[in-house]
Amino acid sequence: MLHCPRCSDITVLETLECPGCGLAVGLHPPSLTMREATASGIDIDGVQWSPCSNRDWRCNWLVAEDAGSGQCCSCRLTRQRPDASDTIALEKLADAAGVKRRLLVQLAELGLPVDPYYEREGGLAFDLLSSYSGQGRVTIGHANGVVTIDLVETLDDYREALRIRLGEPYRTMLGHFRHEVGHYYQWILVEQTDWIHECRELFGDERASYSDALDRHYSSGAPDGWESSYISEYATMHPWEDFAESFAHYLHITDTLGTAAAGGLVLHADRVPGVVAADVVPRSSYHGVPTSAMLADWHWLSLLFNRVNHAMGRGDLYPFTLSAPVERKLDFVHRVVQDVARRTAGTLILR
Ligand SMILES: [Zn+2]
Ligand SMILES: [Zn+2]
C-alpha cells in the first residue's frame with residue numbers, strides 16, 4: 001500500500017498529487033515507495049531523485065541523477081514509440097505506459113529480474129506502437145526480449161469489439177502486458193534452464209511449428225473439451241501460448257490477492273456460515289506458500305469479487321474456472337518464480 005510522504009494519505013500507483021494534501025508525489029522505483037516530486041530533486045540515500053521527463057504524460061516515477069537519462073527506468077524500457085508528431089498515438093502511449101508501470105511494480109514485488117535491453121543483449125524492451133499511426137500493422141507479441149504492444153487496444157470500443165469477435169471472456173491492456181512478459185520469462189527462466197523438461201511435460205513441446213499451430217487455431221478453433229486442461233481457448237494453440245496464458249493468470253491472481261491483503265480484507269468463516277470453512281486471509285506475498293493454499297484463497301475471494309461485480313451490474317471479475325491440470329501449470333509458474341526470487345533477493349530490480 002502506497003502512502004503520501006507528508007500526510008500518509010493512501011495514494012494509488014498512478015497518483016501525481018496526493019488526494020489528501022496536494023503534495024506532488026512520485027514513485028521511487030528501488031523502494032517502491034511514494035516520495036515528494038520536486039524539480040530540484042530530493043535526496044534518497046545520498047542520490048538525488050527527480051521527476052521523470054515524461055511527467056507531463058502522466059508518468060509519476062522518479063529518476064536518479066546518475067541514470068544518464070531524464071527518463072525513469074520504466075520509460076527507458078520503451079524502445080520504440082509513435083512518432084512525436086502523432087499526438088493521438090502519444091496520448092494512447094501514456095495510457096499504455098501506466099499499465100507497463102503497474103506490470104513492472106508487480107514483477108519487482110515478485111522478485112522477477114528486469115534487465116533492460118540497453119544493458120544486456122536480449123534484455124527486456126517494449127515497442128509501444130500503434131496500428132493507426134501509419135507505421136504499418138502492429139502485431140502484439142514477444143521476440144528476444146522485446147514485447148510489442150499495439151496501442152490501438154487502449155481504445156475501449158476497438159478492444160471490446162475484438163474481444164467479442166474472438167469470443168474471449170477477458171481482454172485488457174494489462175492482460176496483454178502480463179501475457180507477453182510471460183513469453184519473455186519462459187524464454188529466459190525456463191527454456192534456457194533445466195526447468196524446460198518439466199515444462200514440456202506440462203505444457204507440451206514448444207519446438208512444435210508455431211505457424212502450423214496458428215493456422216490450425218484460426219481455421220478450426222480450440223478442441224472440444226479444452227476447458228478441462230486449458231485456462232483459455234487461446235492457450236490451446238501452442239505450448240508457448242499455454243505458458244504465457246498461465247503466467248498471465250498467475251499475475252492476475254497474485255496481484256488481486258495482494259491488493260485484497262493490502263486493504264486488510266479477510267473473509268470470516270463465522271459470518272458466512274456453511275460457505276467458507278475457515279477464515280480466508282489473503283497475503284501480500286505467497287513466497288514460500290504452497291500453490292494449493294494460494295489457489296484456495298483465490299477460490300473464495302474470486303467468488304466474492306464476482307458477486308461484487310454482479311452487484312454493480314457487471315459480469316464476473318474473474319470469468320475463468322481453474323481445472324486440476326491448469327492448477328498444476330500455475331504451480332509450475334509459482335515454483336519457477338520463487339526459484340528466481342531466491343536468487344534476486346537483495347538486488348535492486350528497478351533502478
Ligand atoms: Zn498528502
Ligand atoms: Zn517515466
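Helices (H or I, at least four residues) and strands (E, at least two) are DSSP runs, numbered from the N terminus. The model is predicted: local features need pLDDT of at least 70 and side-chain atom pairs count only at pLDDT 80 or more, whereas totals for chains, interfaces and linings use all residues. Residues are numbered from 1 along each chain as its sequence is written, chains are lettered from A and ligands numbered from 1 in the order in which they are written, and side-chain values use heavy atoms, with hydrogens and water left out.

Helix H5 spans residues 195–203, and Trp-195, Ile-196, Cys-199 and Phe-203 in this helix are buried. Viewed down the axis of H5, the buried residues fall within an arc of 90° and therefore line one face of the helix; the arc is that of the directions from the helix axis to the C-beta atoms. An α-helix has 3.6 residues a turn, so residues three or four places apart point the same way. Gly-204, with a positive phi near 100°, follows H5.

The zinc ion (ligand 1) is coordinated by the SG atoms of Cys-4, Cys-7, Cys-18 and Cys-21 at 2.2 to 2.3 Å. Donors are N, O and S atoms within 2.8 Å of the metal (3.2 Å for Na, K and Ca), and sites may look incomplete because water is not among the atoms. Along the chain, the donors of the zinc ion have the spacing C-x2-C-x10-C-x2-C. The angles subtended by the four donor atoms are 100 to 116°, which makes the arrangement tetrahedral (four donors, all angles between 85 and 135 degrees). Cys-4 is buried, with a relative accessible area of 2%, whereas Cys-7 is partly exposed at 36%. Buried means under 20% relative accessible area, exposed over 50%, and partly exposed in between (1.4 Å probe, protein chains only).

Three strands form an open sheet in the order E5-E6-E7, with antiparallel pairing. Strand E5 (42–44) and strand E7 (62–64) stand at the edges with a single partner strand each, so one side of each has no neighbour in the sheet. Two strands pair if DSSP finds at least two bridges between them. E5 pairs with strand E6 (residues 47–51) over three bridges; Ile-42 has Trp-49 in E6 as its bridge partner, and Asp-43 stands opposite Gln-48. The E5–E6 hairpin has two residues between its strands, and Asp-45 in the turn has a positive phi of about 50°. E6 and E7 also pair over three bridges, with Leu-62 in E7 as the bridge partner of Pro-51.

How values were computed:
Tetrahedral: all angles 85-135°; square planar, octahedral: opposite > 155°, others 65-115°.
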